[in-house]
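We will go stop by stop.

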Amino acid sequence: MEDFKQKLKLAEKLAARSGVSRRDFLQLAALAGLTIPAANMLWTQSAHAEEPKKGGNFIIGMEGGSASDSLDPRTYADSVMIGASLAVCNGLIEFDENGNTTGELLESWEAKPGAVEWTFKVRQGIKFSNGKTLDADDILYSISIHRGEDTKSPAKGLLEQIKEIKAVSPSEISTTLTSGNADFPVILGDYHLIVVPKDFTDWQKLIGTGAYTLESFEPGVRLVFKNRGEYWKPGRAHFDTVEIRNIQDVAARTAALQSGEIHAANRLDARTVDLLMKDANLNIVRTKGTGNRFCFVMDTMAAPYKDNVDLRLALKYSIDREAIIKQVYNGYAVPGNDHALDALNPYYNTAMPQRAYDPDKAAFHFKKAGIAAGTALELQTSEGAWSTAVDCAQIYQESAKKAGVDITVNKVSGDGYWDNVWLKVPFCAVYWGRRLSADQVMTQIYGANEKGEPSDWNDTNWVNPEFQKIIVEARVELDDAKRKEMYGRAQELISDDGGMVCFAITDYLDGYAKNVMGATPHARYDLNDNRMAEKGWFA
């Protein structure tokens, strides 16, 4: 009886606490012996007791911005601009906490058999901040800026599968793909695909249908937003104003959170988060196993990595993943297996052995690679890539020495890292956020166009004909077991032949002031899918 009371008391506390999902609460309530109806009632009463309140200035301290940031969605590469865009604009598709697609400005959709032809309904009665009413032409324009020969958008490769897209009416869009893709709505949830008015070009003054208007923007410093008033999404947009501050240094970001200077912070330091969890004034939200994929990537079209699979393998066996996870991430991570899918993805290849640190194998492949003795491989890295990138690179450098592989770590400026280093140098640090579709991962990170050229965000410039054939065929494969087998083979090809050293997939670790509500884990990104400006409120 006493055990039951303790479990029930814990369930009641969880029901009243922001950051606990309904599913987790119901599971705990069941352990306490509550019936499902009783547990649902307790959950509902708690939710009612914490009905969102309006008002306040919400300040978020974030890693993931730079002096070269722009409000043009064709340039977004990191979290600050994703969060900023979702304060002012809406996307085509939203994802719920479990990663399922839900309607945003595309309200609903259906596909004909074969998933080649799709029809989307445009949400009605929605107004942009300039007074214009949303219609299908706005959707088409917002997609079109990411397509065509001239665009530099990272979403270009994802959208090349669109053969034809047109407005059937102001409230309906018809899309024909080059081949079927059951995951097409997931593709349209890509964060670059925010919606602006037709023919809009003034990216200094972003106009959208979101909860806020942009008041000021200092790239690499801060953005300020003001609530528009009545927002079309019920139960959201509670703050009067929102400020995003770019605080790249994790220690400074943490200190600002502890002092109350900011109300939320992303990417807490795993080495100190255990102490923060004991702070009664803070709420730490941990999302297990869905965080960033941290990588070092080689350009497979540049010397000495071009046509040298043995060198790539030598570098993959040279990294001590477990040492990095222990020393840098304090166990709040799992080893990466040199591709960007995680174990929570239904198509993850569980049969593929986890690549481990093996100096002997590294030395074997390095010798076969034919690299001249004394040749140093330059790895460019920076806190601008992610806060602990330099620490990871230094551990990598030390572990590689034991295999006779000489890596020179070149720490470069964080300002403009994504413009000046990534996609520009042969060997550098990069991280990838989670993609909810295996097809999106394969297409955006490793894809190629019809000419056999790497897609714009294929940062290893790796093009493998067998791989490209697989991902096209997997899109239309309706037998889930066969599809998993196909994606499993694709992962093997990336890991064994590609240029990515994916060494860790971390947990998301967000910190909030205790009075910030709406801070729940999300299946895609941290800070509640970078939508805390829209989803949060003060208690």
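Two strands count as paired if DSSP finds at least two bridges between them. Keep that rule in mind for the first stops. One caution: this is a predicted model.

**Stop 1: strand 1**

Select residues 57-62. This is strand 1, and it is mostly covered, with five of its six residues buried. Which strands pair with strand 1? Select residues 241-246 to show strand 10, which pairs with strand 1 in the parallel sense over six bridges. Now pick M62 and look across to strand 10: N246 stands opposite. Pick I60 and you will find A264 of strand 11 opposite.

**Stop 2**

Pick I165 and look across to T175 in strand 7, which stands opposite. In a regular strand, side chains alternate between the two faces of the sheet.

What lies across these strands? Select residues 136-144.

**Stop 2: helix 17**

Select residues 480-497. Helix 17 has 18 residues and reaches 25 Å from its first C-alpha to its last, close to the 26 Å expected. Go to its N-terminal end and show D479. This residue caps the helix: a side-chain oxygen lies 3.0 Å from the backbone nitrogen of A481.

Now color the buried residues of helix 17, among them R483, M486, Y487, A490, L493 and I494. What covers them? The cover includes helix 10 (309-317), helix 15 (438-446) and helix 16 (465-475).

**Stop 3: salt bridges**

The model has 39 salt bridges. Visit three of them.

Stay with helix 16 and show E473 and K469. They form a salt bridge, with the closest N and O atoms 2.7 Å apart. The two residues are four apart in helix 16, so about one helical turn separates them. Are they buried or exposed? E473 counts as partly exposed, because its relative accessibility is 35%. K469 is exposed, because its relative accessible area is 52%.

Next, select R271 and D269. Their closest N and O atoms are 3.2 Å apart, and they form a salt bridge. R271 is partly exposed, since its relative accessible area is 36%. D269 counts as buried, because its relative accessibility is 13%. The cut-off for buried is under 20%.

Finish with R531 and E534. This salt bridge has its closest N and O atoms 3.8 Å apart. Both residues are buried.

Technical notes. Residues numbered from 1 in each chain as written. Predicted model: local features only at pLDDT ≥ 70, side-chain atom pairs only at ≥ 80, totals over all residues. Heavy atoms only, no water. Expected span 1.5 Å × (residues − 1). Buried < 20%, exposed > 50% of the residue type's maximum accessible area, 1.4 Å probe, protein only. Contact = heavy atoms within 4.5 Å. Polar contact = N/O pair within 3.5 Å; in protein donor to acceptor, adjacent residues only side chain to side chain. Salt bridge = Lys/Arg side-chain N within 4 Å of Asp/Glu carboxyl O.
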